[in-house]
Amino acid sequence: MQGMEFAILDWIQAHLRCGFLDAVLPLITRTADHGELWIILALVLLAIRSQRKYGAAVACGLVLDLVSCNLLLKPLVGRIRPFAVNAAVELLVNAPLDASFPSGHTAASFAAVFALKAAGSPLWKPALAVAVVIAFSRLYLYVHWPSDVLAGVLLGAAVGWAGAKLAKKAGKIIEKRKAGR
């Protein structure tokens, strides 16, 4: 399996590397280093009354992602990153210090996408475009294996959907309490 994953990563390095992407993809990936882009989106949506349910869905998805990806899976699996195995590749970003599996950038990005989709927000479509570029950047930058990124997509989808359902349920409980006063 690792041979196939190296083949994909090395194909990207051999055929897609160029000055433009070398300049742009590190900047794009940096927007999600700690989920900043998605946290800001959640906060903005929470601040807009008509968008609050979408912001709550994204926030819940991101919290579920943080727990499942960064606190559970990464330490449990402890997978080494591809640049540590193939040191011949020149990194365009600082070497991440945490484990490789799953891709946290990808998981957070897709958690936001699926939370927005499950909550019914039309913002899921532009968010998906951004999430795909972020996920690709992790491969381009040689900091994740393809299976890390795929796992990030799947994990993000699950926690994003669950976050939207959790936010909806919490919203109903809050409304019942308000009505009961």
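Leaving aside residues up to four places away in sequence, aspartate 148 touches Arg79, Ser100, Phe101, Pro102 and Ser103, where contact means heavy atoms within 4.5 Å. Bear in mind that this is a predicted model, so local features need pLDDT of at least 70 and side-chain atom pairs count only at pLDDT 80 or more, while totals for chains, interfaces and linings use all residues. Numbering runs from 1 along each chain as its sequence is written, and side-chain values use heavy atoms, with hydrogens and water left out.

**Aspartate 148**
- Aspartate 148 sits in helix α8 (residues 146–179); helices are DSSP runs (H or I, at least four residues), numbered from the N terminus.
- Its relative accessibility is 0%, so aspartate 148 counts as buried (buried is under 20% relative accessible area, exposed over 50%, partly exposed in between; 1.4 Å probe, protein chains only).

- Leucine 66 belongs to helix α4 (residues 52–77) and is partly exposed, at 45% relative accessible area.

**Cysteines**
- There are zero disulfides in the structure, a disulfide being a pair of cysteine sulfur atoms within 2.5 Å.
- Cysteine 60 is in no disulfide, and the nearest cysteine sulfur, that of cysteine 69, is 17 Å away.
- Cysteine 60 is partly exposed, with a relative accessible area of 21%.
- Cysteine 18 also counts as partly exposed, at 32% relative accessibility.

Key:
Helix = DSSP H or I, 4+ residues; strand = E, 2+ residues; numbered from the N terminus.
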